[in-house]
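Thanks for coming, everyone. Please look at the screen while I bring up the model.

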Amino acid sequence: MTDIDPDRTVDARGATCPGPLMDLIGEMRRADAGTVVELLSDAPQSLTDVPEWADEAGNDLLAVDEGDDHNAFYVEKS
Amino acid sequence: MTEHIVIVGGGTGGSVLANDLADRLDTELDAGEVAVTLINDGPEQVYKPVWLYVPFGKRDPDDGRRPLADLVDDAVDVRTDRVTDIDTDGQRLQLRDSMDDISYDHLVLATGSTLASEEIPGLAEGGHDYYSEDGATALREELLDFSEGHLVLSVIGSPHMCPAAPLEFVFMADDWFRERGLREDIEITYTYPVQRVHGNAHIAEWAAPLMDERQITTETFFNADSVDPDAQTVTSMEGAELDYDLLVTVPPHRGVDLIADAGLGDDGWVDVDRHTLEAEAATDVYALGDAAATGVPKAGSVAHYQAGVVGQRLASEVRGQIPTATYDGKTICFIETGMDAASFVEFDYENPPSPAPPSEKLHWAKLAYNESYWLTARGLV
């Protein structure tokens with residue numbers, strides 16, 4: 001478990017791909033640099049989508065907490 | 001006592017549901033035990049799929065309009081007004097043009113999608129679209145004058161109405177320019193927000209090779225962040241910049257503010273149980289079509305099938321029975337692959353799409369359905 005304290009949380013549990021990633025992108029679009037966004041997703045593809053997009057966009061994927069029923073991604077806007 | 005069912009929104013979902021209820025509850029309506037009211041903010045229904053064909057000169061915006069009064073059963077009270085507030089605790093609605101509130105026993109929100117071009121700096125000035133009547137009409141003039149240069153089709157944000165339409169537009173534009181002998185002088189680029197050319201991986205896998213064959217350049221992981229109308233560039237959140245001569249976009253979409261103001265969901269989409277279509281944050285409230293956050297496409301077929309489910313559930317509730325009808329995610333969609341060929345997909349929550357080989361027959365099937373759509377709106381097909 002990470003001890004990161006996010007500035008915002010996007011709860012995309014229940015949404016199918018690419019919904020969670022688009023929800024994250026939408027939140028990052030509104031965020032200022034340095035903002036840490038937590039994405040909660042139970043879509044398996046988020047495990048690849050989110051790191052790929054964070055890398056492509058130059059944002060920092062600080063941590064991924066893999067849980068039994070969902071995963072939590074912590075992304076900091078560059 | 002009369003049970004009052006109120007439907008907000010007179011698009012495909014709202015009108016199909018109103019007619020479904022008029023048929024299903026005809027005895028109760030005749031006896032005055034039930035009343036159904038449909039509230040729409042204009043006197044007409046707008047059938048948006050027509051807009052895809054407007055830029056290519058194949059249809060006129062008027063082809064997509066019909067008076068709601070002609071489409072909806074006389075047993076339904078059709079009101080032209082705009083709901084300005086929903087009180088889900090008191091089960092009342094405020095209206096823009098009426099001093100009197102409306103109370104409801106059952107509420108169905110079919111409030112659809114709106115465009116939010118203002119969220120992207122420069123987009124309203126620099127971009128064109130075919131997701132509105134005005135946009136499609138203006139784009140028709142631009143396309144007729146466009147004989148050389150770089151056409152960029154950029155999908156900005158998701159979800160948006162008719163997820164197939166961006167693919168359809170570039171396939172149709174490619175064909176249209178080829179038929180007119182202009183294609184060699186026109187470059188077409190298609191951008192998409194995620195790492196493939198469509199949100200659905202199966203449709204993306206089918207479409208990507210077709211785009212390669214047609215020399216349609218693709219840019220994925222491209223989330224437009226701003227448009228510079230003077231420099232004619234569009235810049236993405238990912239740091240890429242594209243020059244354009246003609247920018248066509250699928251603008252950001254939102255639901256109506258009414259939904260968020262009522263605490264029913266973010267961005268105007270109602271959080272619902274994706275099987276029962278019941279709102280999660282209030283009782284006696286359903287949502288369907290674009291307004292319902294189910295994760296399936298915002299498409300007319302979805303609204304049509306969901307209306308049947310909500311109609312069955314409401315009829316059960318009115319009769320004191322346990323509602324058992326559920327929505328299984330069923331979606332059907334034609335996908336134009338040119339000016340005279342189309343594919344077809346059908347899928348649901350459990351079964352992914354498998355696009356049919358493009359054919360002229362499917363193209364004509366799509367056009368025939370568009371012509372006969374008004375029978376669907378009237379609850380006949």
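First, one term: a residue is buried if 20 or more other C-beta atoms lie within 10 Å of its own, exposed if 12 or fewer, and partly exposed in between, with C-beta atoms placed from the backbone. This is a predicted model, so local features need pLDDT of at least 70 and side-chain atom pairs count only at pLDDT 80 or more, while totals for chains, interfaces and linings use all residues. Residues are numbered from 1 along each chain as its sequence is written, and chains are lettered from A and ligands numbered from 1 in the order in which they are written.

Start with Thr233(B). Is Thr233(B) buried, exposed or partly exposed? It has 17 C-beta neighbours inside 10 Å, so Thr233(B) counts as partly exposed. Thr233(B) belongs to strand S15 of chain B, residues 233-236. Strands (E, at least two residues) and helices (H or I, at least four) are DSSP runs, numbered from the N terminus. Which residues does Thr233(B) contact, leaving aside neighbours within four places in sequence? They are Asp228(B), Glu241(B), Leu242(B) and Asp243(B). Contact here means that the C-beta atoms of two residues, placed from the backbone, lie within 7 Å. Now take Pro166(B). It sits 67 residues from Thr233(B) along the chain, and their C-alpha atoms are separated by 20 Å.

Gln91(B) is not a glycine, yet its phi is positive, about 55°. Find Gln91(B) in the loop between strand S6 (83-87) and strand S7 (92-95). Gln91(B) counts as buried because it has 20 C-beta neighbours inside 10 Å. Asp267(B) also has a positive phi, near 60°. Asp267(B) lies in the loop between helix H8 (257-261) and strand S19 (270-271). With 17 C-beta neighbours inside 10 Å, Asp267(B) counts as partly exposed.

Zoom out to domains. Chain B has domain 1 (3-113 + 255-318) and domain 2 (117-253). Those bounds come from an automatic or database domain assignment. The C-alpha centres of the two domains of chain B lie 31 Å apart. Their contact takes 14 residues from domain 1 and 19 residues from domain 2. On the domain 1 side, 9 are nonpolar, 2 polar and 3 charged. By class, Ala, Val, Leu, Ile, Met, Phe, Trp, Tyr, Cys and Pro are nonpolar, Asp, Glu, Lys and Arg are charged, and the others, Gly among them, are polar.

Next, the chain interface. Here 12 residues of chain B are in contact with 15 residues of chain A. The chain B side has 4 nonpolar, 7 polar and 1 charged.

Over to chain A. A cis peptide bond joins Cys17(A) and Pro18(A), with omega about 5°. Pro18(A) is in the loop between strand S1 (8-11) and H1.

Last, a helix pair in chain A. Helix H1 (residues 19-30) and helix H2 (residues 46-57) pack at about 30°, with axes 9 Å apart. Axes are lines fitted to C-alpha atoms, for helices over the stretch in contact, and angles run from 0 to 180 degrees between N-to-C directions. That angle makes H1(A) roughly parallel to H2(A). Angles under 35 degrees count as roughly parallel, over 145 as roughly antiparallel, 65 to 115 as roughly perpendicular and the rest as oblique. Pro20(A), Leu21(A), Leu24(A) and Ile25(A) of H1(A) meet Ser46(A), Asp49(A), Val50(A) and Trp53(A) of H2(A). That contact has 6 nonpolar, 1 polar and 1 charged residues.
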